[in-house]
Amino acid sequence: MKTTQYIIAGAMAVAMTFTSCGEDFLDVKNPSGEPLEEYYTTNETINEALTSAYAPLHWPDWDNVGYNDLTVDAEIMGDDFWVGGASITDNQHWHRLFNFEADGNNTLATLWTDFYSGIKRCNDCIKYCSWVGNDVTNRESAEMQARLLRIYYYNILWHYYGNVPFYLENLSLPYTAPQLQADEIYGQLIVELEAIIDSKVLPMRWKANDAGRVSQAMAYMLYAEMVMYQNDTQRYQRALGYMKEIIASSDYNLNPNYAALWQESGEWCSESIFEINYNDDMAQRDWGVAALNAGGSILPTLISPNQWPGGDGWNAGEDGWGFLPVRVETYNMFAEGDVRRDATIWDVRGSSYTERYQDTHLWLAKYRPYSDNNKDCPTSKNLNYNNNKRVYRYAETLLNAAELLIATNGSASEALGYLNEVRTRAGLAGYTECNLENILNERHMEFCGEGKRYFDLVRTGYAASVLVPDKYGYRTNSWTPSKKHIPLAQSELDADPTLVQNNY
């Protein structure tokens, strides 16, 4: 379902532009020239502000400055993929992060600008909602969506950078905010998230024509993710209650066909709790100034073979850039009969194409390119595949519930049942015991290539023993606790001398 993407496309005409270090993006201009207080007074104009706040969800893969798709960003620091590309200097920041040797000039610099722009737009929408009367019927919903989106944006910054500037109202001169420590950021966000959840304004699941909006179930999943990453045991019971509420609802279920999850027909199926919508038809995204416009995703281009000869649903002449090749060890970790292997990994061993750095002829199938997925694109096809990004799935709800039950000394049999729902869907015999090792093993295979593995290793304490030099000589450094938070971009430090660099 792509409806929200069309809404966003219509609203981009009123969306603000931004620059990384300048102040222009803080100046709001509406299309009519009316004072803001007179413009944002209707359902339509409030929806414009809200869809503008949603727009930065689409930017990280390529924002006209850098390539930082969140799937790649997370997976390169894990143990399932190589970085790839043309050479070790191609998107060098990814290679430096992969080897745990990033610095202020080699980090995920564009995420900072992308998501602070999102936070700014959310703040705008929340402010505009406070101006209007109750006759604007979507005011309360728009405000809660913007507040939840703001937490989602901060959550990504918190995961990667840890210690970041924090504000809930937009800034005035000199446009700086206090840089809080990671624990302080968490403390601010989790209380705000609890307030949003307790308001019960958002539906557990939106109707199909509103798919793409943040929901109560998405808030529950974000809550569990944050609480578990922080190891905030005092909130485990509350997080578990949210998982059980999703499970008890009739809104979400496992899709019996795992492979179908990754087809266009599987988007917004019963398993999907939150996705980021991408579209090829009506796409406005193109090289140059239109990178931030609505359209498709560049991820399939980033992570596919170079100079493909044709076949497997991808036409000859289509081009990939060879990033994120799958490790052979990752392919081999799946047991025979595990349907997730072939749904996760596109095995083209035996095919001839132009090999790039670290090429294994194994690629991420979940977001692989198909010619049908950009056939309707009126602009640059390699920027506009319609593969939605899956953020939260019901399978994660079940595995979260199992892990939280074990952590809180809850029912072992109930936890085992949740774990084995995921396990048996994959075509494998169920476990006889539910423990953290089995849960993490299942998460590893279930979410391979979805950007969760690295953060699972960090939060559970396994990163230091797993993320170590490999036998190929690609990764020569080991992860240490100081690597939990990546370096802030030097450009941001130069722009704001009050910022303190992470000790990486």
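How many residues has helix H3, and what does it reach from its first C-alpha to its last?

**Entry 1: basis.** I worked on a predicted model, in which local features need pLDDT of at least 70, side-chain atom pairs count only at pLDDT 80 or more, and totals for chains, interfaces and linings use all residues. Residues are numbered from 1 along each chain as its sequence is written, and side-chain values use heavy atoms, with hydrogens and water left out.

**Entry 2: helix H3.** I took helices (H or I, at least four residues) and strands (E, at least two) as DSSP runs, numbered from the N terminus. H3 covers residues 43-54, which makes 12 residues, and reaches 16 Å, close to the 16 Å expected at 1.5 Å a residue. The expected span is 1.5 Å times one less than the number of residues. I then looked up burial (buried is under 20% relative accessible area, exposed over 50%, partly exposed in between; 1.4 Å probe, protein chains only). Nine of the 12 residues of H3 are buried, so the helix is largely enclosed by the rest of the structure. Among them are Ile-46, Glu-48 and Tyr-54.

**Entry 3: cavities.** I searched the whole structure and noted eight cavities of 30 Å³ or more. A cavity is a set of points, on a 1 Å grid over the protein atoms alone, where a 1.4 Å probe fits but cannot get out; lining residues have an atom within 4 Å of a point. Grid points are joined across faces, edges and corners, and a volume is the space filled by probe spheres set on the points.

The largest cavity holds about 390 Å³. Its lining has 24 residues, and the closest to its centre are His-159, Glu-225, Gly-451, Lys-452 and Phe-455. Elements giving two or more residues to this lining include helix H7 (139-161), strand S6 (389-393) and helix H14 (394-407). H7 supplies the largest share, five residues. By class I recorded 10 nonpolar, five polar and nine charged residues in this lining. Ala, Val, Leu, Ile, Met, Phe, Trp, Tyr, Cys and Pro count as nonpolar, Asp, Glu, Lys and Arg as charged, and the others, Gly among them, as polar.

Entry 4: Five of the five residues of S6 are buried. S6 runs antiparallel to strand S3 (residues 272-276), with four bridges between them; pairing requires at least two DSSP bridges. I found Arg-393 of S6 as the bridge partner of Ser-272. In H14, 12 of the 14 residues are buried, so this helix is largely enclosed by the rest of the structure. Asn-409, which follows H14, has a positive phi, near 60 degrees.

Definitions and conventions. On a 1 Å grid over the protein atoms alone, a cavity is a set of points where a 1.4 Å probe fits but cannot get out, and a pocket is an open set with protein on both sides within 12 Å along at least five of seven lines; lining residues have an atom within 4 Å of a point.
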